[in-house]
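Visitor: Hi! Could you walk me through this one while I have it open?
Guide: Happy to, let's take a look together.
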Amino acid sequence: LPDSFGILQVGGNLTLLSNMLKSLPDSIGNLQVGGYLYLSHNKLESLPNSFRDLQVGGNLALSSNMLESLPDSFVNLQVGGGLYLSDNKLESLPHSFGNLQVGRS
């Protein structure tokens, strides 16, 4: 995805399911999605630290990727719906993962 991807402001849903995305641009943190953001079924191996600034009004789906870890800053995410991380290669979660607030806008 181009770095300019982060300037998008999507009032509804954004679905990037079943592509071959291996990484996300640092500008992803500027992205604002009013509905859900589906990034499942890609080849994402990691998330940029800027991911913490992402704002998603609905569900955030990162299932079925190749994620081995989450950045410590992941707990700062703003997700209004559910968070889906199944079927990755996660061996541990950030120390402060319990502070993550999901389902609150």
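Visitor: Thanks! How do S3 and S5 pair?
Guide: This is a predicted model, to begin with. In it, strand S3 (residues 32-33) pairs with strand S5 (residues 55-56) in the parallel sense, over 2 bridges.
Visitor: And which residue is the bridge partner of valine 33 in S5?
Guide: That would be valine 56.
Visitor: What order do the strands of the sheet have?
Guide: The order is S1-S3-S5-S7, an open sheet of 4 strands with parallel pairing. Strand S1 (9-10) and strand S7 (78-79) stand at the edges with a single partner strand each, so one side of each has no neighbour in the sheet.
Visitor: Switching topic: how many aromatic pairs are there in the whole structure?
Guide: A search finds 3. One of them joins phenylalanine 51 and phenylalanine 74: the ring centres are 6.1 Å apart and the planes at 5°, so this pair is stacked.
Visitor: Where do phenylalanine 51 and phenylalanine 74 lie?
Guide: Phenylalanine 51 is in the loop between strand S4 (37-38) and S5, and phenylalanine 74 is in the loop between strand S6 (60-61) and S7, so the pair ties together parts 23 residues apart in sequence.
Visitor: Are those two buried or exposed?
Guide: Both phenylalanine 51 and phenylalanine 74 are buried. Phenylalanine 74 also pairs with phenylalanine 97: with centres 6.3 Å apart and planes at 15°, that pair is stacked.
Visitor: Where is phenylalanine 97, then?
Guide: Phenylalanine 97 sits in the segment after strand S8 (83-84). At 22% relative accessibility, phenylalanine 97 counts as partly exposed, while phenylalanine 74 has a relative accessible area of 0%.
Visitor: What do the ring pairs link into a cluster?
Guide: Phe51, Phe74 and Phe97.

Notes. Residues numbered from 1 in each chain as written. Predicted model: local features only at pLDDT ≥ 70, side-chain atom pairs only at ≥ 80, totals over all residues. Heavy atoms only, no water. Pairing = 2+ DSSP bridges. Phe/Tyr/Trp six-rings, centres within 6.5 Å; stacked < 30°, edge-to-face > 60°. Buried < 20%, exposed > 50% of the residue type's maximum accessible area, 1.4 Å probe, protein only.
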